[in-house]
Amino acid sequence: MRAKRPIGVMIVAVLFVATGLVGLARCFAEGNGMFRAAELPPGVLAAIAVVAGVFLFLRSNWARWVAALWMGAHVAISAFHSPAQTAAHAVFLALIVWLLFRRDSDAYFAH
């Protein structure tokens with residue numbers, strides 16, 4: 001029997017897809033496209049978010065690790081900005097990890 005999709009996984013997946021799509025739209029609207037010199041391209045980060053969100057819906061275990069690493073990268077990037085941004089990203093990271101790595105989520109991703 002297949003485990004029912006936990007509401008936390010659905011919330012994270014929807015947020016990742018929405019965040020990624022908004023990020024991609026913003027990159028193309030500003031004319032930055034997918035590539036920028038000397039930094040990790042914002043369009044690539046946005047595309048990774050979309051891919052992680054879609055594959056969370058498709059029960060891919062690796063997608064929850066990608067989502068956690070994606071948020072961890074944002075914590076690291078925000079460390080170069082303000083302490084408030086770093087704290088906010090750290091809270092989101094903790095929430096995402098808690099939602100994606102709970103016992104009910106483990107059962108959902110194990111097939």
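## A walk around helix α3

Start by selecting α3 and whatever surrounds it: the buried residues of this helix (buried means under 20% relative accessible area with a 1.4 Å probe, counting protein chains only) pack against α1 (7-29), α2 (42-57), α4 (83-100) and α5 (103-109). Packing here rests on contacts, that is, heavy atoms within 4.5 Å. Helices are DSSP runs of H or I with at least four residues, strands are runs of E with at least two, and both are numbered from the N terminus.

Before going on, a word about what is on screen. This is a predicted model, in which local features need pLDDT of at least 70 and side-chain atom pairs count only at pLDDT 80 or more, while totals for chains, interfaces and linings use all residues. Residues are numbered from 1 along each chain as its sequence is written, and side-chain values use heavy atoms, with hydrogens and water left out.

**The whole chain.** Zoom out and colour by secondary structure: you will find five helices and zero strands. Of the 111 residues, 34% count as buried. Among contacts between residues at least 6 apart in sequence, 61% join residues at least 24 apart.

**Back to α3.** Select residues 61-78. The end C-alpha atoms of this helix are 27 Å apart, which agrees with the 26 Å its 18 residues should span at 1.5 Å a residue; the expected span is 1.5 Å times one less than the number of residues. Now show the side chains of Ala63, Arg64, Ala67, Ala68, Trp70, Met71, His74, Val75 and Ser78, the buried residues of α3. They cover an arc of only 155° around the axis, which puts them on the same side of α3. The arc is taken from the directions from the helix axis to the C-beta atoms.

**Arg64.** Which side chains make polar contacts with the side chain of Arg64? One is Asn61, at 2.6 Å, and another is Asp106, at 2.8 Å. A polar contact is a pair of N or O atoms within 3.5 Å; within protein, one must be able to donate a hydrogen and the other to accept it, and residues adjacent in sequence count only if both atoms are side-chain atoms. Arg64 counts as buried because its relative accessibility is 7%. Leaving out residues up to four places away in sequence, Arg64 touches Leu56, Leu100, Phe101, Ser105, Asp106 and Phe109.

**Arg59.** Step back into the loop between α2 and α3 to find Arg59. This arginine also counts as buried, at 8% relative accessibility. Its phi is near 70°, a positive value in a residue other than glycine.

**The core.** Next, select Val12, Phe16, Leu56, Ala67, Trp70, Ile96 and Leu100, which touch the most other members of the 17-residue largest nonpolar core. Such a core is a set of buried Ala, Val, Leu, Ile, Met, Phe, Trp, Tyr and Cys residues joined through side-chain atoms within 4.5 Å. Each of α1, α2, α3, α4 and α5 supplies at least two of its residues. Centre on Val12: apart from neighbours within four places in sequence, it is in contact with Leu56, Ile96, Leu99 and Leu100.

**Last stop, α4.** Pick out Ile96, Leu99 and Leu100, the buried residues of α4. Seen down the helix axis, they fall within an arc of 85°, so they line one face. Their cover includes α1, α2, α3 and α5. Turn to the face pointing away from that buried side and you will meet the exposed residues (over 50% relative accessible area) Pro83, Ala84, Val91 and Trp98.
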